[in-house]
Amino acid sequence: VRFAYDRPSTLEVIADGSSVAVRDTRLATQDLYAISQTPLKFLLRPEVNLGRDIRIVGAADEGDAVRLTLEDTSTLGGTSRITLFFDPKVEALTQWRILDPQGFQTTMMLDRVDRSRSHDPQLFAISYDRILSSNK
């Protein structure tokens with residue numbers, strides 16, 4: 001997964017399957033986190049054990065979406081919640097919201113996803129040898 005934000009933001013978030021790097025291109029810093037310490041683990045793992053990894057705290061069929069809210073106590077900084085929104089047939093993830101331990105909410109919406117294109121794998125590569133600052 002890679003998140004590149006429009007200006008004026010200088011942040012990039014890259015997850016390579018085992019780690020998450022948060023880069024600030026203006027400050028030339030990179031903070032590194034184990035993917036298991038972030039809510040992204042639920043989006044990137046091949047399998048998630050709902051009984052072991054997390055607690056389901058809500059589920060609803062909202063007509064135009066199916067909503068599943070999960071709580072994770074193993075994320076960095078404390079308990080976080082992720083709410084996943086699926087299309088009505090539960091075939092595609094359309095949105096997610098993360099509520100972090102500090103109470104900040106981040107919403108990501110997926111729209112016009114083109115699954116026919118391939119992307120350069122280097123877009124998802126973390127430069128471990130260039131880490132200027134690190135949190136593990």
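Guide: A word on pairing before we start: two strands count as paired if DSSP finds at least two bridges between them. Keep in mind, too, that this is a predicted model.

Let's settle on strand β2, which covers residues 11-15. Four of its five residues are buried, so the strand is mostly covered, with buried meaning under 20% relative accessible area.

Start with the β3 side. Strand β3 takes in residues 19-24, and it pairs with β2 in the antiparallel sense over five bridges.

Now for β1, residues 2-4, which runs antiparallel to β2 and is joined to it by three bridges. Here F3 has V13 in β2 as its bridge partner. This is a hairpin as well, with six residues linking β1 to β2.

The residue I'd pick out is E12, which sits in β2. Its relative accessible area is 17%, and that puts E12 in the buried class because the cut-off is under 20%. The E12 side chain makes a polar contact of 3.3 Å with the side chain of R2. Setting aside neighbours within four places in sequence, E12 touches R2 and F3, and also A21, V22, R23 and T25.

Terms used:
Residues numbered from 1 in each chain as written. Predicted model: local features only at pLDDT ≥ 70, side-chain atom pairs only at ≥ 80, totals over all residues. Heavy atoms only, no water. Buried < 20%, exposed > 50% of the residue type's maximum accessible area, 1.4 Å probe, protein only. Helix = DSSP H or I, 4+ residues; strand = E, 2+ residues; numbered from the N terminus. Polar contact = N/O pair within 3.5 Å; in protein donor to acceptor, adjacent residues only side chain to side chain. Contact = heavy atoms within 4.5 Å.
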